[in-house]
Amino acid sequence: MKTRIRELRKQSKLSQEELAFAVGTTRQTITSIETEKYTASLVLAYKIAHYFKLQIEEVFDFSDLEEKH
Amino acid sequence: MENFKKQIQKRQRIFIAGIMAAAALMIVFSRSAVKSSPAETYPFYLMGFSAGFSMALTVRYALLLGRYRKILNDETELKKLYNEENDERNRMISEKSGGMIVKYCAGVIVFAGLVSSFFSMIVMSTLMACAFFLLIVRKALMLYYSRKF
């Protein structure tokens, strides 16, 4: 799933490690989400979106799912 | 985080018990190794292997104990460990690779192997090979899923 995490991180001048620490996950998980290898759970997606003070759909791109339905 | 701290303290107590048990086993096996000779019932090298294995266990538990002691004094490190252990991706990879059941099975098989070293070399080496194979398969699967996800 495409996300804006990398872009938002760069804007906030935040490292993967710092974001991971803030949302309660590991740097490897953030890397996997950014490289679209792993899809975050609803809870983690909420935590990441909440951290950037955005809605989940503003951070995660659900257009692929919408096309399928 | 307080609950996690208590959990770590509980683990420390388990490791202390583990160190004592492994050290006791090491002494038993070392004495047997010294006493026995190739001509006797229990081969010398078998007892040496078991003593070495027990020593490795003692060292491992001691290192883990030291690591936890250090982590308990540092809140940042404690949170990092909590994040690492409760990370959803890590959990998924662990579950896909067999989860804790493989670890427990391998542990029980190794223990059975150490006990059987008193009776039969063939049984002992078969059990050790079995446990080794289980752990190798688990590690290989973990590596595969870590690259995949």
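Biologist: How many residues of chain B are in contact with chain A, and how many residues of chain A do they touch?

Modeller: Two residues are in contact if their C-beta atoms, placed from the backbone, lie within 7 Å, and by that rule nine residues of chain B are in contact with 12 residues of chain A. This is a predicted model, in which local features need pLDDT of at least 70 and side-chain atom pairs count only at pLDDT 80 or more, while totals for chains, interfaces and linings use all residues. Residues are numbered from 1 along each chain as its sequence is written, and chains are lettered from A and ligands numbered from 1 in the order in which they are written.

Biologist: Which helices supply the side of chain B that touches chain A?

Modeller: Helices are DSSP runs of H or I with at least four residues, strands are runs of E with at least two, and both are numbered from the N terminus. Helix H3 (75-86) and helix H4 (88-96) of chain B each supply at least two residues of that side, and the largest share, four residues, comes from H3(B).

Biologist: How many helices and strands does chain B have, and how spread out is the chain?

Modeller: Chain B has six helices and zero strands. The radius of gyration is taken over C-alpha atoms, and the globule rule is 2.2 Å times the number of residues to the power 0.38. For chain B the radius is 19 Å, well over the 15 Å that the rule gives for 149 residues, so chain B is more spread out than a compact globule. Along the principal axes, its C-alpha atoms fill a box of roughly 55 × 35 × 20 Å.

Biologist: At what angle do the axes of H5 and H6 of chain B cross?

Modeller: Two packed helices are described by the angle between their axes and the distance between the axes. Here the axes of H5 (residues 99-116) and H6 (residues 121-148) of chain B come within 8 Å and cross at roughly 160 degrees. Angles over 145 degrees count as roughly antiparallel, and therefore H5(B) and H6(B) are roughly antiparallel to each other. Among the residues that make the contact are Val102(B) and Ile109(B) of H5(B) and Leu127(B) and Arg138(B) of H6(B).

Biologist: Is Glu17(A) buried or exposed?

Modeller: A residue is buried if 20 or more other C-beta atoms lie within 10 Å of its own, exposed if 12 or fewer, and partly exposed in between. Glu17(A), which lies in helix H2 (residues 16-23) of chain A, counts as exposed because it has 12 C-beta neighbours inside 10 Å.

Notes
Axes fitted to C-alpha atoms, helices over the stretch in contact; angles between N-to-C directions. Parallel < 35°, antiparallel > 145°, perpendicular 65-115°, else oblique.
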